[in-house]
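Here are some notes for a colleague who is about to look through this model. The points take the sheet, the domain interface and the backbone in turn.

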Amino acid sequence: MKVAILPGDGIGPEISAATRLVLDAVDDRFGFGFAYTEIGIGFTALEEHGSTLPDSSFEAARAAEALILGPVSHLDYPAREKGGLNPSGELRKRLDLFANIRPAATRPDLPSRTGASFDMVIYRENTEGFYADRCMYTGTGEVHVTADVTIAMRRITRHASTRIAEAAFAGAMQRRKKVTVVHKQNVLKLTDGLFLECCREVAARHPDVEYEELIVDAACAHLVRRPEDFDVICTTNMFGDILSDLASELSGSLGLAASVNAGDGVAMAQAQHGSAPDIAGQGIANPASLIGSTGMLLEWMGANRKRADLVEAGRAMLAALDRTLADPASRTRDLGGTLGTEAFARQVAKAITDAG
Ligand code: ATP
């Protein structure tokens with residue numbers, strides 16, 4: 001199986017190497033025969049090829065069966081005309097990875113930032129919304145009208161809204177059967193109006209699933225006040241991006257925040273957080289986010305391809321992560337522990353081997 005790792009910027013190379021170490025233990029146990037390719041993106045690719053996502057890197061990523069993307073420092077990239085493409089947005093758009101699935105759950109033995117125990121998954125639409133790089137066919141969704149006037153456009157389509165709602169309801173059917181749709185229809189009447197209309201249509205086809213709607217500002221308060229009441233949240237691109245950081249931090253740390261970007265038949269593992277330049281190069285970043293994302297990816301691939309061994313391997317990764325995090329002596333600094341990135345990954349790898 002061809003596994004492509006795109007290490008990215010900041011802490012990306014460190015947490016990618018840690019994830020590879022854990023994948024080696026998975027491979028030893030399950031015998032998939034992973035063939036790794038490391039694909040240059042971000043600042044290293046800019047230096048070598050003049051672009052943060054050269055065509056050769058994109059094509060290599062497209063050819064892989066399993067895709068693992070490290071975080072990127074795209075805020076610091078030069079303008080697009082000077083080679084500064086956001087690899088994350090480009091891959092999501094060009095591979096049509098429309099659903100960004102972002103779980104956030106407390107763990108019994110790990111202190112969270114709230115007294116509550118919760119387990120939720122946010123389904124964030126990934127291909128349009130207020131994201132300037134994603135919502136136009138050519139050009140971007142931002143316009144500089146005069147030196148002092150700028151405009152941002154938000155595209156919401158029936159197609160994208162319906163398919164994220166369908167993904168969210170399908171996810172809820174595998175869980176506690178509740179979907180909360182988060183919107184701002186009171187001010188974005190047309191765009192969130194259409195989004196809500198699509199969600200309601202999908203809800204009507206799922207009478208077994210409890211359906212709730214919340215305005216995004218109220219949703220923030222409810223997430224802090226009663227996180228245990230949420231199962232699946234379905235929302236547009238920007239709201240999902242923001243709410244998922246809040247939910248993950250409430251669960252303990254952004255360093256735990258895993259996600260997959262899923263399309264039709266293709267998916268990509270990606271931590272929810274950014275490149276954390278404040279701690280890059282120190283060997284202290286928590287790789288649980290990317291390890292968890294990769295576990296989710298294997299599970300997703302297994303379900304998609306009807307391969308029970310991949311589902312089992314993905315679950316084994318997630319279980320090993322839980323077991324490792326349960327022990328205060330095997331945590332990274334963001335969770336009050338002392339382990340470095342690599343040492344933590346070795347503990348997870350050992351937990352996978354020991355459970356085999
Ligand atoms: P970027 O510019 O790439 O978005 P950022 O620092 O603005 O980077 P994040 O990377 O999401 O945003 O980081 C937010 C905070 O969370 C930072 O203090 C960072 O150190 C911390 N953080 C993020 N990821 C991790 C991780 N894997 N382990 C430990 N701390 C993390």
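Predicted model: local features only at pLDDT ≥ 70, side-chain atom pairs only at ≥ 80, totals over all residues.

1. Strand E4 (residues 99–105) and strand E5 (residues 119–125) run antiparallel and are joined by seven bridges.

2. The domain assignment divides the chain into domain 1, which is made of 1–111 + 252–356, and domain 2, which covers 130–251. The contact between them draws 19 residues from domain 1 and 15 residues from domain 2, while their C-alpha centres lie 24 Å apart.

3. About 1,400 Å² is buried between domain 1 and domain 2, and carbon and sulfur atoms give 45% of that area. On the side of domain 1, the residues that lose the most area to domain 2 are Lys93, Phe98 and Gly252, which together account for 33% of what that side buries.

4. Which polar features are found between the two domains? The count between domain 1 and domain 2 is two salt bridges, and the rule for polar contacts finds 10 residue pairs across the interface, both residues being at pLDDT 80 or more. On the side of domain 1 that touches domain 2, the elements giving two or more residues are helix H4 (87–94) and E4; the largest share, five residues, comes from E4.

5. A search of the whole structure finds 27 salt bridges. As a general point, side chains of opposite charge can pair when their charged atoms come close. Here the side chains of arginine 163 and aspartate 96 meet in a salt bridge, at 2.8 Å from N to O. This pair links distant parts of the chain, with arginine 163 in helix H5 (residues 158–173) and aspartate 96 in the loop between H4 and E4, 67 residues apart.

6. Two backbone angles deserve a look on the display. Most residues other than glycine have a negative phi. Alanine 276, however, has a phi near 40°, a positive value in a residue other than glycine, and its place is in the loop between strand E12 (267–270) and helix H9 (288–305). Lysine 306, which is not a glycine either, has a positive phi of about 55° and lies in the loop between H9 and helix H10 (308–326).

Definitions and conventions:
Residues numbered from 1 in each chain as written. Heavy atoms only, no water. Pairing = 2+ DSSP bridges. Helix = DSSP H or I, 4+ residues; strand = E, 2+ residues; numbered from the N terminus. Domains from an automatic or database assignment. Contact = heavy atoms within 4.5 Å. Buried area = accessible area lost by both parts, 1.4 Å probe. Salt bridge = Lys/Arg side-chain N within 4 Å of Asp/Glu carboxyl O. Polar contact = N/O pair within 3.5 Å; in protein donor to acceptor, adjacent residues only side chain to side chain.
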